[in-house]
Structures are given as C-alpha cells and as structure tokens.
Amino acid sequence: MPALKVCALYPELMNIYADRGNLLMLQRRCAWRGLGFEVAAATLGDRVDPAAHDLFYLGGGQDRDQRLCAFDLVETKREALHEAAAAGKLVLGVCGGYQLLGHSYALGDEEIPGIGLVDVRTVREDAPRLIGNVAIELEDGRVLAGFENHGGRTHLGAGEQPLGRVLRGHGNDGRSGFEGVRRGTVIGTYLHGPLLPKNAWFADWLIATALGVDELEPLDDALEDAAHVQARAAAGL
Ligand code: GLN
C-alpha cells in the first residue's frame, strides 16, 4: 500500500491558526482512500533525512517561536531540505514557515535567517499587520481561500513566481498583487484557515504529487466543498 510520508517541522512551535489541521487533513484523506500515512516530527536539534519523507511541512508561528526555529533550521536542517527539494520532494511553508523558506526576515535591526530555498525576503515595516480573509487564483485558474495575519511583508526575487494572484486580501506585501511563492515542489503561502481543510483540492494535489500518481480516488467532498465556498464568501468572492 503506498504511503504518504510527512515530516512535520517544529510542530509544537510552528502551529498557529490551527495549522496542525493541515496534517490532519492529509492523514484523513489518505486513510479514506486506503493509503498509508506516516508523520514524523523534527524539532529543535533534530536532523532530518531528506530521502525518508515525501513532504516537509512547516506551519506558522509567532515571531518569538519563529526566531527559535530559524537558527535551528539553518544549522541542523538547511542542507537536508535543499537536498530534498532538489530531489523533487514537496516542501510546504505556511506564513512564518513560508518566511523561513526565504533568505531572511528583517525586524528592525534584527535579521532572522531563512534557509534560502526560494529567493524571497521578508521585512517587518512600521505599518499595520496584514490581516483578513484572502482568496488567490493560481495559474491554472483554481482558487485557494483562507485567512492571513502577518506583520512581515514578503518580496519575491526577480526570477521567482508567486503561488497565485490576489483576488481578495493582502497577499505577500499588500501591494504587489502576488501571494506566496512556488518554485517547482517548494511552496510558500500566507494562507491559514487552516489551508488544506478549506481547500481540499490542494490537499489532494499535494498527496498525488508526493505519491507520483496522476489521479486519486474521488471522495465525497460535500462538507469540504462547503468549507471552501464559505472561505471564498468570507473573502468577498
Ligand atoms: N511571525 C510572522 C509575522 O507576523 C508570521 C505570522 C504567522 O505565521 N501568522 O509576519
């Protein structure tokens, strides 16, 4: 039986806005289809084996917890995550996790390092936090809906593609009209919600991509579809 193997990075520190629900969603959707699901936690000081997992997941966090994880991530996991990404493994970062996939997160004089998997930089401006419901459109026209709350403004490097275009909400920096980043199988986004329960199609895309299959057995998604519609409506779509 094929199994989705997930490595949850700092699950006890990087988990705000119920981001842990993303893991639960993956687990359930695998189980409902008779697919295996394994999750391993890697926290402060732990090394990760890039070959042992299909998907590396990093949720959102407060600046304080994020700082703690950032130094550890750079020191003990950076290389492995670069290896994993180079081998086509999925890496998903949400909000604070997204910021840490980039080069840095600057807060005034302080610079929190990132692992530079994507060419993005985040800065904390002397401006209000970007908070609210958000909806974005991906290149293929599909929509992700969720909730954002971040002080950091994220800027994409010249060659970097956003995950989507902002339909409603603030996105990366409140100005560019871009949300998130996608470089192959490395994805960063500000969308909480949590992201996956509100966007079941995206959870399935992750599972299918991770397992290298074209199609997954369809599920009865009446409740998931309703959650998605409600999230879109909350954002004003
Ligand atoms: N601490 C980061 C910020 O405020 C990320 C917040 C989050 O993960 N929601 O920008």
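Predicted model: local features only at pLDDT ≥ 70, side-chain atom pairs only at ≥ 80, totals over all residues.

Reader: What counts as a helix, and how many residues does α5 have?

Author: Helices are DSSP runs of H or I with at least four residues, strands are runs of E with at least two, and both are numbered from the N terminus. Helix α5 covers residues 200–211, which is 12 residues. From first C-alpha to last it reaches 17 Å, close to the 16 Å expected at 1.5 Å a residue; that expected span is 1.5 Å times one less than the number of residues. Just after α5, glycine 212 has a positive phi of about 70 degrees.

Reader: How many residues of α5 are buried?

Author: Buried means under 20% relative accessible area, exposed means over 50%, and partly exposed lies in between (1.4 Å probe, protein chains only). Nine of the 12 residues of α5 are buried, so the helix is largely enclosed by the rest of the structure. Among them are Trp201, Phe202 and Leu206.

Reader: Which residues form an aromatic cluster?

Author: Rings of Phe, Tyr and Trp (its six-membered ring) pair if their centres lie within 6.5 Å; planes under 30 degrees apart are stacked, over 60 edge-to-face, and the rest tilted. Trp201, Phe202 and Trp205 form one cluster. The count of aromatic pairs is four. Tyrosine 98 and tyrosine 190 make an edge-to-face pair, 5.0 Å centre to centre with 70 degrees between the planes. This pair links distant parts of the chain, 92 residues apart. Tyrosine 98 and tyrosine 190 are both buried.

Reader: How many residues surround the ligand?

Author: A residue is near a molecule if one of its heavy atoms lies within 4 Å of it. Here 16 residues surround the ligand, and Asp63, Gln66, Cys95, Arg129 and Gly152 are the closest. A polar side-chain atom of glutamine 66 is 2.9 Å from a ligand nitrogen atom, and one of arginine 129 is 2.9 Å from a ligand oxygen atom.

Key. Residues numbered from 1 in each chain as written. Heavy atoms only, no water. Polar contact = N/O pair within 3.5 Å; in protein donor to acceptor, adjacent residues only side chain to side chain.
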